[in-house]
Amino acid sequence: MSTESTPPRDEAPRSARRDAEATKAAILRAARYFLARQAHADITLKAVAERAGVSPPLVLKYFGNKDAVFARVMSFEEDAAALLDAPLEDLGRHMVRHVLVSQREHGSDPLLRIAFAPLQGDHGDVLRANFRAQVTRRLAARLPGPDAGLRAELALGALLGLGVIYGIARGTDVRSTPVEQTVDRYGPLVQAQLTPRA
């Protein structure tokens, strides 16, 4: 008589759902990777599929078409949640650390894809509108004192500059410096915009 237990009937469907979610996440990560490095028009579905480790038909199965993939990728909601997940008094340091760790460990920047928004056309308009609503205004809403919108934009500009130096210009000194050392130097610069002057 066998003592092996029979797996629950719904285990296979749950496993399939997990696999499907993991595949979708890999596709979105791959699309974000490319959007942080080149213009939307230059990105192919084949390249996204290859980076995600799937076939192009599987991308179409889950998302329908390239535009549907990038509609999801053009949202900054998840990125903003992680970027702003710190108390206000430590937010500058947290944001700098988050940008650097994202670059080092994942090869992408949570904000940098805004730099590749086309100047003309619907995709650029959507990306800029999402960035303003989901990142800039969300940050500004957390800031006490006057000129919160301006201060939020200046803080984000400083972060974008850091992302460009690290990820695009590939600054050798920034890339070889320990993360916490850069956080110590650059965090106060960002924090100065987040904390109102006395």
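Predicted model: local features only at pLDDT ≥ 70, side-chain atom pairs only at ≥ 80, totals over all residues.
**Stop 1: the cavity**

Start inside the protein. The structure holds one cavity of 30 Å³ or more. To find the spot, select Arg-37, Gln-103, Gly-107, Leu-112 and Gly-167, which are the closest to the cavity centre among the ten lining residues. What classes of residue make up the lining? Three are nonpolar, four are polar and three are charged.

**Stop 2: Glu-77 and Arg-138**

Now turn to the salt bridges. The count comes to eight. Select Glu-77 and Arg-138 for one of them. Their closest N and O atoms are 3.6 Å apart. Colour helix α5, residues 77-83, to see where Glu-77 lies, then helix α7, residues 122-142, for Arg-138. Glu-77 counts as partly exposed, at 41% relative accessibility. Arg-138 also counts as partly exposed, at 34%.

**Stop 3: Asp-184 and Arg-93**

Select Asp-184 and Arg-93. Their side chains meet in a salt bridge, with 2.8 Å from N to O. Which helices does this pair tie together? Asp-184 lies in helix α10, residues 179-194, and Arg-93 lies in helix α6, residues 91-106. The pair joins parts that are 91 residues apart in sequence. Check the surface again. Asp-184 is partly exposed, with 46% relative accessibility. Arg-93 is partly exposed too, with a relative accessible area of 26%.

**Stop 4: Asp-125 and Arg-128**

Go back to helix α7. Both Asp-125 and Arg-128 lie in this helix. How far apart are they along it? They are three residues apart, about one turn of the helix. Their side chains form a salt bridge at 3.1 Å, N to O. Arg-128 is partly exposed, with a relative accessible area of 23%. The cut-off for buried is under 20%, so Arg-128 does not count as buried.

**Stop 5: the network**

Finish with a group. Select Asp-90, Arg-93, Arg-97, Glu-180 and Asp-184 together. Salt bridges with shared partners join these residues into one network. Arg-93 and Asp-184 are the pair from Stop 3, whose side chains meet in a salt bridge. Keep them highlighted, and follow the network from there to Asp-90, Arg-97 and Glu-180.

Notes
Residues numbered from 1 in each chain as written. Heavy atoms only, no water. 1 Å grid on protein atoms, 1.4 Å probe; cavity = no way out; pocket = protein on both sides within 12 Å on 5 of 7 lines; lining within 4 Å. Points joined across faces, edges and corners; volume = space filled by probe spheres on them. Nonpolar A, V, L, I, M, F, W, Y, C, P; charged D, E, K, R; others polar. Salt bridge = Lys/Arg side-chain N within 4 Å of Asp/Glu carboxyl O. Helix = DSSP H or I, 4+ residues; strand = E, 2+ residues; numbered from the N terminus. Buried < 20%, exposed > 50% of the residue type's maximum accessible area, 1.4 Å probe, protein only.
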